[in-house]
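This report describes how the parts of one chain are arranged and how they touch each other. Please look at the structure before reading on.

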Amino acid sequence: MSSAEASHVVRGRAWVFGDDISTDLLDPGQYAIAPLQERVRHTLEAVDPRFASQVRPGDVLVAGRNFGCGSSRETAAEALRSLGVGCVVAESLARIFLRNAVAIGLPVLVCPGARETVREGDPVEVDLGSARVTNLRTGRAVRGSPLPPLMREILAAGGMLPLLRRLAAEAAEGRGWVDDLGS
Amino acid sequence: MTMAEKILARAAGREEVAPGEFVVASVDLAMVHDIFATRVFSLLRSAGFRRVWDRTRVVAVIDHLVPAPTAAAAAVHQQMRRDVAEFALTRFYDAGTGICHQLLPERGYVHPGMLLVGTDSHTTTHGALGAAATGIGTTEMAYVLATGRLWFRVPETIRVVLTGAPASGVGWKDAILHLAGRIGSDGAQYRALEFAGPALAGMGVGGRMTVANMAVELGAKFGIFPADAVAVDYLAERGVEVLPFGPDPDALYQETLTVDLSDLEPQVALPHAVDRVRPVSAVAHLPVDQAFIGSCTNGRVEDLEEAARYLAGRHVHPNTRLIVAPASRAVEQEAMERGILPALLLAGALLLPPGCGPCFGGHQGLLAPGERCIGTHNRNFAGRMGSPQAEIYLASPATVAASALYGRITDPRTVERSVGHVLR
């Protein structure tokens with residue numbers, strides 16, 4: 001893990017959501033093959049119609065359990081990233097959403113208790129290295145579980161695509177096969 | 001080791017693995033479908049790869065938007081066919097052949113002990129044949145197609161023991177809905193479900209696919225059945241010889257749950273969560289605008305046959321639309337030849353081509369605000385099938401057929417089965 005990543009801090013306003021925020025809410029299937037800029041207009045519209053138009057770069061989603069459940073569509077994570085969401089903090093993350101967020105470089109944090117300490121619109125700070133979420137209005141902080149080292153390494157690299165590009169370049173230089181995921 | 005542990009250990013070239021470990025494993029089979037395939041190939045190209053790691057281990061299927069409902073969808077399919085040609089993939093199934101999760105087992109591609117990934121969350125279906133199969137996103141699939149490898153966290157395994165036999169009008173869909181209601185939509189998060197128990201002897205591969213399909217709705221990474229004589233015979237019929245495969249006798253499970261099928265009532269998942277499950281009696285009499293029988297969960301011959309047992313010689317309620325989508329062309333043909341599809345069509349069903357139909361909300365039977373649909377599919381999230389203000393109820397083919405008949409949610413056990421003898 002690089003030191004830059006270890007001190008990775010996100011600051012923004014909180015958007016608070018409930019449990020089971022599904023990929024159909026994040027990126028509805030009826031717009032599945034529409035261009036990204038059209039799809040993101042519908043992100044979370046069924047639960048908060050203001051979200052897509054009012055979310056600002058760096059804002060933090062604070063949600064309940066099983067965030068991102070449902071489809072394997074990476075576009076659910078991509079939609080949040082392209083709207084500028086700085087981090088998703090949830091009591092728990094659905095498995096494929098977690099993988100996809102890491103694979104595209106969208107910071108995520110599992111932090112039970114964060115939702116109880118944050119109200120909609122509160123300024124919050126998320127320190128990904130120490131897994132700490134601080135409500136800057138109240139000063140209250142809670143600590144979650146840091147991502148496993150492998151996921152943090154992929155996030156620090158900017159996702160899986162930069163790893164793949166490096167592999168392709170190494171192959172092209174005839175340096176043979178190097179598995180960046182290590183083991 | 002559990003089945004998940006055995007498969008991941010073998011695929012990672014290790015003697016043994018334990019839950020919680022991270023491994024990099026070789027993938028045996030990778031599947032992409034029309035919603036994501038072109039993105040995957042575009043990512044591959046942009047990363048600098050012009051070939052996949054093994055073109056015989058990649059299956060590409062056009063199943064979600066069939067036939068193309070818009071010019072944009074047609075263009076996606078056109079590009080996908082170009083991608084398939086450019087990367088010289090040998091296993092490509094064009095629009096109308098069927099849903100990926102039906103085709104892979106049907107064509108004999110899924111073998112016990114395989115590690116299989118697909119760009120679809122319901123890839124867990126293939127656990128029905130003893131594979132560790134799971135859904136991944138497009139960027140990870142690009143990594144797999146380039147390298148044949150991916151990282152996995154070895155999951156803890158929950159053992160689910162199935163006992164007893166379901167009563168008439170009760171099926172495997174009811175069993176998995178019941179389990180979803182019992183442990184919740186994240187009750188198996190990051191973990192594997194491994195099924196076992198005396199009920200397996202009477203459970204065909206189709207029923208196992210229904211259950212494994214919905215493992216992901218409980219958060220599970222894999223939903224695995226042991227490959228017993230039922231699975232070995234299924235593959236033998238497809239010209240594939242395999243050995244039985246199961247867990248080690250001393251495998252360690254995080255938890256063991258028992259589901260007694262003989263006690264089970266028909267189950268219904270209420271909007272907008274798969275784990276809001278009630279016995280059908282709790283919601284019987286709610287009027288339904290649409291009934292849907294199909295999907296990778298319940299679009300097989302036995303599902304259509306079960307529906308026909310309630311609908312043959314009768315007619316769908318005038319206030320209800322019944323939509324039927326066979327899971328594959330092979331399913332469609334067999335259901336046609338055996339009189340099942342004709343019976344459903346004569347009962348007023350609207351027939352869709354083999355494919356995903358309206359299940360994922362792309363087209364073909366979307367819902368208006370305030371409408372109510374009962375379907376055999378796997379998800380009822382708000383906005384899943386059109387308007388977020390529509391309501392989706394999930395149930396078995398028997399419950400959906402009985403509901404279509406009366407225009408309201410109906411306990412199939414209260415309906416006399418119709419002319420089953422008409423069916424061949």
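A crossing is left-handed if the near helix is turned anticlockwise from the far one by less than a right angle, and right-handed if clockwise. Helices (H or I, at least four residues) and strands (E, at least two) are DSSP runs, numbered from the N terminus. The model is predicted: local features need pLDDT of at least 70, side-chain atom pairs count only at pLDDT 80 or more, and totals for chains, interfaces and linings use all residues. Residues are numbered from 1 along each chain as its sequence is written, while chains are lettered from A and ligands numbered from 1 in the order in which they are written.

**Helix pairs**

Axes are lines fitted to C-alpha atoms, for helices over the stretch in contact, and angles run from 0 to 180 degrees between N-to-C directions. Two helix pairs of chain B are set out in the table.

| Helix pair | Angle | Axes | Crossing |
|---|---|---|---|
| H2(B), residues 37-47, and H3(B), residues 71-86 | about 50° | 9 Å apart | left-handed |
| H10(B), residues 301-311, and H13(B), residues 397-406 | roughly 35° | within 8 Å | right-handed |

H10(B) passes H13(B) in a right-handed crossing. Their contact (C-beta atoms, placed from the backbone, within 7 Å) includes B:Tyr310 and B:Leu311 of H10(B) and B:Val400 and B:Leu405 of H13(B). This contact has 10 nonpolar, no polar and 2 charged residues. Here Ala, Val, Leu, Ile, Met, Phe, Trp, Tyr, Cys and Pro count as nonpolar, Asp, Glu, Lys and Arg as charged, and the others, Gly among them, as polar.

In the other pair, the axes of H2(B) and H3(B) meet at an angle of about 50°. That makes H2(B) oblique to H3(B); angles under 35 degrees count as roughly parallel, over 145 as roughly antiparallel, 65 to 115 as roughly perpendicular and the rest as oblique. H2(B) contributes B:Ala37, B:Thr38 and B:Phe41, and H3(B) contributes B:Val76, B:Gln79, B:Met80 and B:Asp83. By class these are 4 nonpolar, 2 polar and 1 charged residues.

**An open sheet**

Strands of a sheet pair through backbone hydrogen bonds, either parallel or antiparallel. Two strands count as paired if DSSP finds at least two bridges between them. In chain B, 4 strands form an open sheet with parallel pairing, in the order E10-E9-E8-E11. Its edge strands, E10 (222-224) and E11 (255-260), each pair on one side only. From one strand to the next the twist averages 20°. Strands E8 (residues 157-163) and E9 (residues 192-196) of chain B run parallel and are joined by 5 bridges. B:Arg159 has B:Glu194 of E9(B) as its bridge partner.

**Two domains**

An automatic or database domain assignment supplies the domain bounds. Chain B is divided into domain 1 (3-261) and domain 2 (269-422), with C-alpha centres 24 Å apart. Each domain gives 32 residues to the contact. On the domain 1 side, H4 (100-106), H6 (172-183) and H7 (205-213) of chain B give two or more residues. H6(B) gives the most, with 6 residues. The residues of this side are 9 nonpolar, 18 polar and 5 charged.

**Contact with chain A**

Which helix supplies the largest share of the side of chain B that touches chain A? In total, 44 residues of chain B are in contact with 39 residues of chain A. H5(B) provides the largest share on the chain B side, 7 residues. The chain B side has 22 nonpolar, 15 polar and 7 charged residues.

Notes:
Two residues are in contact if their C-beta atoms, placed from the backbone, lie within 7 Å.
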